[in-house]
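Dear colleague,

Please find below the structure that I am handing over to you.

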Amino acid sequence: MAALSGGGLWRRGWLPALQLVRHGSKAVTRHWKAMHFQRQKLMAITEYLAPKPRIPERCLPTKKEVVEEDDGYVRLLRRQVVEAFRDNRMIVVCQYNPMSNEDMLLTRHYLRKHNIEVKFFLNEIVRPVLSQSKYKNLLPLFVGSNIVLVSPEAKAKEMLRVLKGVPQINLLGACIDDTILSKKGVENFAKLPSLEASQGQTVGALALLPSQTCSLLQRGSVRLAALLDEYIRQLQAGAEATPGSPGGSPAKPEPSQSSEAH
C-alpha cells in the first residue's frame, strides 16, 4: 500500500514539459453605431465651402507659357552634333570606361591615322537632337558614359583593329551609310571586300556572260570552217598521190629485182 501510495504522490507531483492552455476570445465591445441626428445636422452646417472666384475663369485672360530659351553654349554643342552626324558616313557609338590620359591620347592618335575622330558628346545634348532626326533609333545606345567615333569613310576594319587593343572602349552599335548596325553587323561589314574590288568582280561577272554567249554562237561556224579546210586538204593530198593526174607529178619507176640480184 505504501508503494502504491508513493507512486500516486509521484504521479500527482509530475507536470508535463509542454502544456496547451486555451484562452478565451476577447469580447467585442465596440460596434458600429449610427451618428445622432443632431450631430449630423451640426456636421452639415459646419462643412467648409470654398469661396467662388469673383470673375469666372472663362473671362480671365489666358496665361502665356514662358518658353525657356536655350543657352548659346548649348546651341553650339547641338550644332556640332548635327554636323558630326551629317558630314560623316560612319558613326560608331561606344561605351567609354575610365582610362588614363596617355592611353586615350595614344588611342586617338591611332584612330586619327585612319581618318577617324573621337567625339565626346553629353547625353543631354545628343538625345534631343537624335529624337528629331532619322537617327532616333540610336537613342537606346546613349545611356551612361559614351563616346562617338566618326569618319567620312567607312573604315570599319581599321577601327575594329584599333579597338581590339583598347578594352576600355566597347562597341555598342553604328550607323554606316544611313544603315544602323549592331556590333555583330559591324564585324560582318568589316569582313566585306572594298568597294573597288566588289565593282571589279561585278564587272567581270557581267562581261563573262556575253563572252560565253558569243563563243557559243560562233562555235558552229568555226567547227564547220575547220571541217571544210580539213576536207580540202585531204582532197589535195589524194590528188597528189594519184599517178597520171592532171595536176600531179609522174610516179618514179621502182628498180627491178633482177638488177639487184646481179
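This is a predicted model: local features need pLDDT of at least 70, side-chain atom pairs count only at pLDDT 80 or more; totals for chains, interfaces and linings use all residues.

A residue is called buried when its relative accessible area is under 20%, exposed when that area is over 50%, and partly exposed in between (1.4 Å probe, protein chains only). Cys-59 has a relative accessible area of 51%, so Cys-59 is exposed. Cys-175, at 3% relative accessibility, counts as buried.

Residues are numbered from 1 along each chain as its sequence is written, and side-chain values use heavy atoms, with hydrogens and water left out.

**The chain as a whole**

Helices (H or I, at least four residues) and strands (E, at least two) are DSSP runs, numbered from the N terminus. The chain has nine helices and five strands. Of its 262 residues, 18% are buried. A contact means heavy atoms within 4.5 Å. Among the contacts with a separation of 6 or more, 75% are between residues 24 or more positions apart. Accessible areas come from the Shrake-Rupley method with a 1.4 Å probe, and for residues only the protein chains shown count as cover. The chain exposes about 22100 Å², of which carbon and sulfur atoms supply 58%. A disulfide is a pair of cysteine sulfur atoms within 2.5 Å; by this rule the count is zero.

**Strand S4 and its partners**

Strand S4 covers residues 169-176, and six of its eight residues are buried, so S4 is largely enclosed by the rest of the structure. Two strands pair if DSSP finds at least two bridges between them. Strand S1 (residues 90-96) pairs with S4 in the antiparallel sense over seven bridges. In this pairing, Val-92 has Ala-174 in S4 as its bridge partner. S4 also pairs with strand S5 (residues 179-182), again in the antiparallel sense, over four bridges. Here Cys-175 stands opposite Ile-180 in S5. S4 and S5 form a hairpin with two residues between them.

**Two residues with a positive phi**

Most residues other than glycine have a negative phi. Asp-177, in the loop between S4 and S5, has a positive phi near 55°. With 39% relative accessibility, Asp-177 counts as partly exposed. Asn-115 is not a glycine either, and its phi is positive at about 65°. Asn-115 is found in the loop between helix H4 (101-113) and strand S2 (117-119). At 33% relative accessibility, Asn-115 is partly exposed.

**The nonpolar cores**

In soluble globular proteins, nonpolar side chains tend to be buried together. A nonpolar core is a set of buried Ala, Val, Leu, Ile, Met, Phe, Trp, Tyr and Cys residues joined through side-chain atoms within 4.5 Å. Which residues touch the most other members of the largest nonpolar core? They are Met-90, Val-92, Cys-94, Ile-147, Leu-149, Met-159 and Ile-169, and the core has 22 residues. Two or more residues of this core come from each of S1, H4, strand S3 (146-151), helix H6 (156-163), S4 and helix H7 (183-190). Apart from it lies another core, of 18 residues, including Leu-77, Tyr-135, Phe-142 and Val-150.

Leaving aside residues up to four places away in sequence, Met-90 touches several residues, among them Leu-149, Met-159 and Cys-175. Ser-151 is also one of the residues that Met-90 touches. Ser-151 lies in strand S3 and, at 0% relative accessibility, counts as buried.

**Helices H6 and H7**

The buried residues of H6 are Ala-156, Met-159, Val-162 and Leu-163. Seen down the axis of H6, they fall within an arc of 130° (taken from the directions from the helix axis to the C-beta atoms), so they line one face of the helix. These buried residues pack against S1, H4, S3, S4 and H7. Glu-187 is in helix H7 and is partly exposed, with a relative accessible area of 29%. The C-alpha atoms of Glu-187 and Leu-160 are separated by 7.8 Å, and the two residues are 27 residues apart along the chain.
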